Amino acid sequence: NWKQIDTGGLKVSAIKTDGTLWGWGINGNGQLGLGNTIQYSSPKQVGALTNWSKGSAGAYHTLAIKTDGTLWMWGRNDDGQLGLGFNEYRTTASLAWTDVKTVRASCEGWFATVLKNDGTLWFAGYGGNGQFGNGTNDTYSTWTQTELSGDITGSGAITDIAVGENYTAILMEDGTVWACGDEFISGNT
């Protein structure tokens, strides 16, 4: 009865078909959203809500979207990767905003990328490897929109996003994939 699952670091975040959210694994930064920092070896329900639709587990933080399109996040926040405008950790869900289609948390836990329903791409956290594609290596503690280049915008709308340790990949409507970040700048694939 699981409909979506994501892993990051040594933890798992999953959503059941009944809309409940579950987590297990390492939890030293509150990344399971259970209100504590206790490690769990079996699934534990995160709150009592039944309206979760998508989640993304970074190594040290987690982001999830409810069926109403609101974005929630918790866990480590050293680099502002929760996008809340400060660097305090959260062990329970904090609301960012509404109208979110897809969310991805970096596997190393230092940044997050969000695709909103209007097709705009947003990011928060550590950007020191150029993974935000905005021509900077800046770090942002609030959600900041990425302005895509003319080459990319000629590919139609963004349909999905993915992130790795130090990069972001963007899937476009025409089937092309665009990527930015350390692995691509240095020539590694």
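Me: What is the relative accessible area of Arg-90?
Reply: The model is predicted, so local features need pLDDT of at least 70 and side-chain atom pairs count only at pLDDT 80 or more, while totals for chains, interfaces and linings use all residues. Residues are numbered from 1 along each chain as its sequence is written, and side-chain values use heavy atoms, with hydrogens and water left out. Buried means under 20% relative accessible area, exposed over 50%, and partly exposed in between (1.4 Å probe, protein chains only). Arg-90 is partly exposed because its relative accessible area is 24%.

Me: Which residue forms a salt bridge with Arg-90?
Reply: A salt bridge is a side-chain nitrogen of Lys or Arg within 4 Å of a carboxyl oxygen of Asp or Glu. The closest N and O atoms are 3.6 Å apart, and the partner of Arg-90 is Glu-88.

Me: How many residues apart in sequence are the parts that Arg-104 and Asp-160 tie together?
Reply: Arg-104 and Asp-160 form a salt bridge with closest N and O atoms 3.1 Å apart. Strands are DSSP runs (E, at least two residues), as helices are (H or I, at least four), numbered from the N terminus. Arg-104 lies in strand β9 and Asp-160 in strand β13 (residues 158-163), so the parts joined are separated in sequence by 56 residues.

Me: In the salt bridge of Asp-78 and Arg-76, what is the N to O distance?
Reply: Asp-78 is partly exposed, since its relative accessible area is 34%. Arg-76 is buried, because its value is 19%. Their side chains meet with an N to O distance of 2.4 Å.

Me: Is Asn-77 buried or exposed?
Reply: Asn-77 lies in the loop between β7 and β8 (90-95). Its contacts (heavy atoms within 4.5 Å) include Leu-82, Phe-86 and Tyr-89. Because its relative accessibility is 0%, Asn-77 counts as buried.

Me: What is phi of Asp-99 near?
Reply: Most residues other than glycine have a negative phi. Asp-99 lies in the loop between β8 and β9. Its phi is positive, near 70°.

Technical notes. Lists of a residue's contacts leave out its neighbours within four places in sequence.
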